[in-house]
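I opened my notebook to look up a few things in this structure. Here is what I wrote down, entry by entry.

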Number of protein chains: 2
Amino acid sequence: MSDRIEADYLIETPVDPAAAAAAMAGEQSSGTFVAVPGETPELRERHAARVETLDVRETVAAPSLPGGTTGERYARASVTLSWPLRNIGPDLPNLMATVAGNLFELRQFSGLRLLDIRLPEAFAVAYPGPKFGIDGTRRLSGVARGPLIGTIVKPSIGYSPEETADVVKTLCEAGVDFIKDDELQADGPNCPFDDRVRTVMRVINAQADRTGKKAMFAFNLTGEIDDMRRRHDLVRELGGTCVMASLNSVGLAGMIALARHTELPIHAHRNGWGYLTRAPLLGWDYRAWSKLWRLAGADHMHVNGLRNKFSEPDDSVIASAKSVQTPMFETKPCVAMPVFSSGQSALQPPETYRRLGNADCIYAAGGGIMAHPDGPAAGVQSLREAWDAAMAGVSAEDYARGHPALARALEKYRG
Amino acid sequence: MSDRIEADYLIETPVDPAAAAAAMAGEQSSGTFVAVPGETPELRERHAARVETLDVRETVAAPSLPGGTTGERYARASVTLSWPLRNIGPDLPNLMATVAGNLFELRQFSGLRLLDIRLPEAFAVAYPGPKFGIDGTRRLSGVARGPLIGTIVKPSIGYSPEETADVVKTLCEAGVDFIKDDELQADGPNCPFDDRVRTVMRVINAQADRTGKKAMFAFNLTGEIDDMRRRHDLVRELGGTCVMASLNSVGLAGMIALARHTELPIHAHRNGWGYLTRAPLLGWDYRAWSKLWRLAGADHMHVNGLRNKFSEPDDSVIASAKSVQTPMFETKPCVAMPVFSSGQSALQPPETYRRLGNADCIYAAGGGIMAHPDGPAAGVQSLREAWDAAMAGVSAEDYARGHPALARALEKYRG
């Protein structure tokens with residue numbers, strides 16, 4: 001990777017794919033719909049985007065998206081474009097306009113999806129990246145090996161600060177490593193952020209004093225910049241160890257401001273991700289999208305879970321988790337900790353571990369903890385045992401023989 | 001509109017639409033996948049989202065989006081949900097997680113699109129909205145009636161500050177009311193923001209001193225919050241009258257911070273909009289999306305143009321333009337000025353005026369100005385004359401008889 005920004009796309013087009021790719025490159029750099037005198041060969045040489053590769057695949061009979069040019073057949077192709085760093089400099093917000101701006105509407109395309117991006121090292125210098133990542137999260141949570149066993153405060157919304165703290169007390173006593181606010185709960189009138197931090201940290205600090213174990217709680221501070229900074233400071237001051245932000249709510253400028261300020265890991269929530277990704281020939285692959293947020297400073301990135309309750313296939317979940325663990329730069333890997341959640345119980349750890357290849361993750365369950373027949377502590381224990389078994393290369397069935405919490409969980413969740 | 005937040009959706013589902021709508025409402029408020037003891041009837045009464053209306057329409061044989069539950073047929077329906085304001089308070093970033101969060105992935109849906117939102121008046125109190133809007137833009141640009149005739153600096157990227165200023169000089173001499181940076185040009189090493197503002201404002205101020213007419217230039221200050229504030233101050237200090245931000249690059253927290261700070265109109269660029277909207281059964285309608293940005297403070301909102309060079313149909317363009325002119329609140333209308341652009345020339349004003357119903361817009365053309373056979377001044381003149389004719393209820397052909405710039409434009413652009 002030299003001094004060029006690269007982006008990989010999947011395109012679908014009724015016109016010649018090479019011409020379509022050239023149109024993308026033109027529209028996203030020095031090109032214009034109408035030729036202008038200033039677009040000299042020298043300017044083009046210095047600033048034009050290049051089509052680096054074009055790999056035409058199958059053709060299909062019907063367009064994936066409406067509204068564009070029509071044709072007999074629609075060719076699908078993968079395309080890599082590149083831009084000189086000098087066009088925008090190492091600038092994340094403006095990178096968006098370059099790699100994901102006025103592209104998706106181009107009438108040459110009946111499909112256009114951003115698959116991946118690769119950035120020059122100058123970006124690694126310009127942005128903080130995750131300040132804590134996997135190692136920092138392990139240090140602050142005291143979990144040296146295996147996943148952080150996590151959960152979420154439910155119901156999503158409606159609890160007062162005191163009721164929230166009561167739930168947190170139960171979860172701490174059950175031995176969880178990690179708890180998060182729901183993304184619907186930030187600073188509502190019924191559960192103001194500051195009050196919630198105070199009541200919850202009282203419980204968590206008391207539990208830490210008693211047992212030496214301090215659960216990491218991700219307080220959802222999503223909001224305006226100055227509020228987020230102030231809320232972060234309150235969490236820090238009261239001994240909290242994590243803050244959470246909804247990426248699609250705060251946006252890149254908000255996330256960068258928070259990340260430059262933070263002295264705590266940022267738990268990055270991807271709610272809204274569905275509208276960016278669910279149409280197969282439009283929008284974003286997680287690999288590309290998550291790189292922006294990792295570089296901006298996300299320490300934990302949500303990736304859904306195996307056999308989840310949403311519409312995402314397992315292969316996609318694993319690809320996402322692996323991607324955020326893959327280094328971005330030599331000088332600054334920007335590795336984030338993947339967060340597995342949604343419909344998780346003691347059933348999925350073996351496959352999750354086998355396919356991810358490590359246990360450097362947050363593994364969150366709701367019903368998988370709270371609905372354990374022997375209570376939440378047994379629920380947490382069953383998840384730990386399921387991971388221990390997987391990491392030891394022992395089948396869950398075998399391991400369950402000496403571990404009743406796991407045994408009961410397998411029985412229960414296999415239904 | 002009382003104290004509830006409302007959102008309209010288009011859904012497609014293989015399950016009973018009423019059950020699917022109830023699942024949306026549950027997931028986005030107090031509901032949980034696994035019942036928890038804390039979700040009491042009282043809590044539900046206070047915090048649960050409600051299905052206000054459900055209007056089942058046609059069924060289709062194939063799902064619009066993959067990955068969800070499958071069935072024999074997929075019913076389409078429009079659904080209105082509502083939430084009590086007390087869940088989040090008047091909070092724009094957190095509104096996102098509520099109306100457009102973990103919804104689009106729900107496996108009950110093979111399609112889910114957010115069509116519109118309606119907010120309690122408390123939101124109007126909490127956010128700035130457009131500080132200038134149509135009236136303020138007219139005042140600062142000196143254009144009392146008719147559209148602001150606008151254009152964009154092209155090539156998109158590659159000009160130095162001095163070259164940019166040269167182009168601006170030509171455009172000012174041609175009599176344009178409004179000029180904008182390309183969205184690819186913000187603060188690149190080849191054309192640093194500060195230098196560009198200095199060279200361009202020298203030209204614009206000199207022209208204003210000579211002629212009394214100061215063109216409004218939208219400087220693209222997209223970037224980190226503190227940079228945007230500082231750049232705004234520089235523009236203000238040098239006599240500039242507009243700043244521009246790419247909404248999908250800065251995000252809501254960035255936009256709100258800029259809008260609270262600004263003393264100039266904010267020209268809001270929607271690049272990237274395609275990935276949010278182009279799949280018909282996914283994502284966002286412009287009406288819903290633009291309301292967030294109007295309330296956050298956007299004075300000018302891009303809406304594409306009739307017979308544009310992208311894939312958007314004309315009906316959609318007009319619906320977008322009308323929507324940003326439709327008041328949001330009694331106490332704070334948040335009316336933004338629609339910006340028409342893309343492939344515009346003297347040909348489209350009659351229909352644009354007829355369908356929009358007014359001339360309160362920015363009407364931007366590139367080739368429609370620069371490629372006029374008698375030069376840019378005639379290009380600008382031809383656009384003014386086309387709008388004058390439309391506003392006077394005279395056909396362009398008739399009007400062209402006494403107006404050679406328009407006559408030549410009709411000849412040229414009709415090809």
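Is A:D177 buried or exposed? I looked it up in this predicted model: A:D177 is buried, since its relative accessible area is 2% and the cut-off for buried is under 20%.

Next I checked the partner of A:D177. Its side chain meets that of A:K213 in a salt bridge, 2.5 Å from N to O. A:K213 sits in the loop between α7 and β7 of chain A and A:D177 in the loop between α6 and β6, so the pair ties together parts 36 residues apart in sequence. A:K213 itself is partly exposed, at 29% relative accessibility.

Then I turned to chain B. I found B:D8 in a salt bridge with B:R118, with 2.8 Å between the closest N and O atoms. B:D8 belongs to strand β1 and B:R118 to strand β4, so this pair links parts 110 residues apart in sequence. B:D8 is buried at 16%, while B:R118 is partly exposed at 27%.

I also looked at where the chains meet. I noted 87 residues from chain B and 88 residues from chain A in the contact. The buried area is about 7100 Å², and carbon and sulfur atoms give 59% of it. B:Y275, B:R278 and B:F310 supply 12% of what chain B buries there, more than any other three residues.

Last, I listed the links across this interface. There are two salt bridges, and one of them joins A:E224 and B:R260 at 2.8 Å, N to O. I also counted 32 residue pairs in polar contact. On the side of chain B that touches chain A, α9(B) gives the most, with ten residues.

Methods
Residues numbered from 1 in each chain as written. Chains lettered and ligands numbered in written order. Predicted model: local features only at pLDDT ≥ 70, side-chain atom pairs only at ≥ 80, totals over all residues. Heavy atoms only, no water. Contact = heavy atoms within 4.5 Å. Buried area = accessible area lost by both parts, 1.4 Å probe. Salt bridge = Lys/Arg side-chain N within 4 Å of Asp/Glu carboxyl O. Polar contact = N/O pair within 3.5 Å; in protein donor to acceptor, adjacent residues only side chain to side chain. Helix = DSSP H or I, 4+ residues; strand = E, 2+ residues; numbered from the N terminus. Buried < 20%, exposed > 50% of the residue type's maximum accessible area, 1.4 Å probe, protein only.
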